[in-house]
Amino acid sequence: MTPQVLPFFSLLFLAPVLGHVSYTIPEEMSKGSFIGNIAQDLGLDVKRLEGGKARIHTGDSADYVQLDKRKGVLVINERMDREAVCDRTTPCVLHFQIALEQPIEIFPVTVEITDINDNDPVFEKEGRVLEISESAVVGSKFLLEKAVDPDIGLNGLQSYTLQPNDHFVLKLHRQSDSGKKVEMILQKPLDRERDEFVTLLLTAQDGGEPQRSGTMQIQINVLDANDNAPVFTQNVYKASIKENSPSGTLITKVSASDADKGSNGEVSYVIGNSMSSISKLFHITEDGGFILKGRIDYEKAQKYEIDVEAVDQGGLSDSSKVIIDVGDINDNTPDIKMISSSTSVEEDTPASTVIAVMSVNDPDSEENGRVSCAINENTPFKVVSSSSFYSIVVDGELDRERSSEYNITVMCSDEGVPSLSSSVTLTLHISDVNDNAPVFERSSYEASIVENNTPGLSIFTVKARDADWIQNARLSYMLEDSSVNGVPVSSYVSVSADSGVIHAVRSFDYEHLKDFHFRVRAQDGGSPPLSSNVSVRVLIQDQNDNAPQVLYPVQTGGSVLAEMVPRSADVGYLVTKVVAVDVDSGQNAWLSYKVHKATDRALFEVGLHNGEIRTVRQVTDKDAVKQRLSVLVEDNGQPSRSATVIVNVAVADSFPEVLSEFTDFSMHDKEYNDKLTFYLVLALAVVSFLFITCLLLIISVKVYRWRQSRVLYHSNLPVIPYYPPRYSDTLGTGTLQHVYNYEVCRTTDSRKSDFKLDRAASHNVLVMDPSSTGTMQKLHSERNILDELDSPLEVRLC
């Protein structure tokens with residue numbers, strides 16, 4: 001029969017932690033039974049339970065408890081059998097949490113299930129047959145099967161009774177596993193002639209209220225004349241076996257002897273424990289061999305104590321105990337659980353900073369359960385053990401520019417042989433800090449731009465890199481304050497803040513500015529920002545934007561300049577030299593000379609590179625007195641630029657001979673001059689007046705000497721040398737020399753006269769003024785006159 005269970009409950013205690021409530025209830029309470037007023041015990045309003053959507057979170061456990069939110073109470077949701085829930089574990093406790101929302105609150109609750117006496121002691125077999133010889137001596141022991149009661153404490157198995165007990169008494173032996181070994185001891189000899197069969201009733205009783213019991217019938221067959229019972233060689237047999245031993249392994253061997261002979265001396269062995277779990281793991285052979293039958297696990301049981309009974313054919317028996325120690329093997333890997341971890345840290349995180357905490361457990365024993373953890377190499381992290389936890393800490397400098405992410409693998413190994421291990425991998429991102437200044441691709445820059453550029457033209461681009469990330473690597477470019485020739489550099493160039501493109505602000509002129517320097521700064525967007533600068537040099541490239549300028553012969557509108565060539569001139573006679581310069585540089589200033597037009601192309605040629613006009617052939621009497629050459633001076637630029645100069649040449653041996661011929665030149669020049677503006681005519685007139693005044697002064701001095709000397713008696717047309725003004729190329733790119741030296745030696749015979757040009761210019765110059773009616777001779781003047789003219793020429797008369 002099932003004893004009546006009184007439903008009761010009690011609030012055991014409120015945990016010291018705020019909000020932790022514990023209850024104690026008996027098992028087998030019906031569904032809907034009251035457990036406790038949880039709202040009152042937690043100090044909550046019932047409306048809070050409904051508004052916070054209160055619910056019970058039990059994890060992996062069955063839903064034995066239900067929350068009535070309307071009443072704020074806990075009730076039984078499913079009947080609880082303590083033996084099914086906890087087996088023999090004490091105390092039997094259910095853990096769950098009550099969760100609320102808005103705001104989120106978690107309240108832990110424990111419910112302890114107490115045992116009630118709801119199970120009867122049960123024997124595995126309903127009856128047992130014993131054969132006992134009538135010669136069994138008083139005091140003979142017979143091991144009986146033990147009853148099993150799933151209840152615990154007082155509700156568990158407490159005592160045995162045997163009825164009737166005229167011949168036998170019971171003796172209980174407490175064992176280390178809290179069980180009781182039951183032996184039936186003969187206290188009065190059996191008499192087969194009086195009672196061939198004896199029927200006994202063995203009753204097992206618990207201590208519950210009401211008390212429960214179970215019975216087993218013992219049938220004793222009284223045998224004849226078996227005077228000696230088997231006797232084990234040892235009271236206790238000890239053995240050990242590894243947990244991975246295969247089925248069929250011989251664990252130990254028990255042995256018992258019987259002094260009887262024949263069938264009464266034949267002994268058989270049986271396992272006395274009634275637990276079915278033991279019979280599934282072990283069995284004993286007829287010769288006493290104790291054999292492993294199932295699979296044993298050290299983590300479930302470290303030792304087994306098994307009762308063994310030796311029985312002879314006469315029914316006499318003896319009992320012994322086999323204690324089996326289970327040896328651990330390393331069959332469990334360490335169990336790693338990550339408790340807390342960070343997903344990212346900044347690259348300036350200091351050493352010893354904890355980034356993760358984990359627990360490691362190995363259920364094996366001794367060295368098999370002793371665990372050590374380490375991190376994969378080449379990472380700035382290490383594992384530190386503290387109490388039962390392991391921490392992953394920073395063990396070096398973190399640099400996002402070297403590695404922006406780490407896969408940290410923690411390997412935990414036990415000390416077993418062979419060692420078992422397990423691992424866990426943590427991915428950690430390194431966030432950026434502004435610790436890198438911008439770096440330009442070059443230590444300095446040099447670029448060029450052609451002069452006469454369009455303002456706003458892109459010259460080139462400076463480029464910097466920043467090893468940081470996102471905002472810390474966002475660069476802006478700017479000019480550093482400086483000046484070029486006293487003018488701010490910002491009036492020459494500008495820089496694009498985003499791209500670093502350098503633009504020209506103005507149009508450059510190579511002839512005024514050949515190069516200039518400035519500095520560009522690159523600054524990142526970090527806080528505080530970091531920056532660096534670089535030197536930039538801009539070269540102005542020359543462009544062929546200047547035409548050649550002819551310095552000699554000078555083209556005037558007021559007078560005719562003519563070079564004298566005697567008819568006796570040989571081939572290669574130097575008539576004059578065209579002197580020109582080009583203010584450009586390089587090949588743009590390389591000048592070439594060639595005859596563009598000429599009265600007689602076969603008579604004269606001009607030097608391609610030096611501008612010297614020389615006779616090509618011997619001058620003859622047939623050659624016209626008046627010769628006119630148009631010389632083209634051209635530079636080597638692309639495209640080239642040019643200038644033209646008119647050179648008048650008089651082929652004659654005397655001055656009067658050519659005077660009338662050059663009158664036409666004057667008329668031609670007059671027509672040309674009429675096209676000039678009034679201001680140009682006025683300027684030329686002033687220059688001509690000054691020039692004629694100087695000539696008259698010189699001629700008046702020389703006329704007197706000329707009359708005194710017969711050297712010049714036969715010479716009707718003296719050579720009047722003309723010297724170009726001093727010219728100096730300040731840029732170092734001109735083509736005109738600075739000083740011209742002449743040596744002139746005259747005789748009565750002009751063919752034997754000697755003219756020596758040290759640093760070339762013209763020999764003879766014939767000057768005809770349209771307003772003049774006579775011949776003007778310009779001879780070598782006095783030293784003081786030359787000084788007044790500031791002439792760079794040195795003339796020596798032989």
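Predicted model: local features only at pLDDT ≥ 70, side-chain atom pairs only at ≥ 80, totals over all residues.
Ground rules: local features need pLDDT of at least 70, side-chain atom pairs count only at pLDDT 80 or more, and totals for chains, interfaces and linings use all residues. Residues are numbered from 1 along each chain as its sequence is written, and side-chain values use heavy atoms, with hydrogens and water left out.

**Exercise 1.** Work out how many disulfides there are (cysteine sulfur atoms within 2.5 Å).

*Solution.* 
- Start with C86 and C92: their sulfur atoms sit 1.8 Å apart, which makes a disulfide. The link is right-handed, with 65 degrees about the S-S bond.
- Next, take C373 and C412, a disulfide with sulfurs 2.1 Å apart. This link is right-handed too, at 105 degrees.
- C373 is in strand β28 (residues 371–375) and C412 in strand β31 (residues 405–414), so the pair ties together parts 39 residues apart in sequence. Strands here are DSSP E runs of at least two residues, numbered from the N terminus.
- The count comes to two disulfides.

**Exercise 2.** Find what the side chain of D68 has around it.

*Solution.* 
- D68 is buried but has no salt bridge (a Lys or Arg side-chain nitrogen within 4 Å of an Asp or Glu carboxyl oxygen).
- R70, the nearest side chain of opposite charge, is 4.3 Å away (Lys and Arg count as positive, Asp and Glu as negative; His and chain ends are not counted).
- Now check the backbone: the nitrogen of R70 lies 3.3 Å from a polar atom of the D68 side chain.

Definitions and conventions:
Buried < 20%, exposed > 50% of the residue type's maximum accessible area, 1.4 Å probe, protein only. Polar contact = N/O pair within 3.5 Å; in protein donor to acceptor, adjacent residues only side chain to side chain. Helix = DSSP H or I, 4+ residues; strand = E, 2+ residues; numbered from the N terminus.
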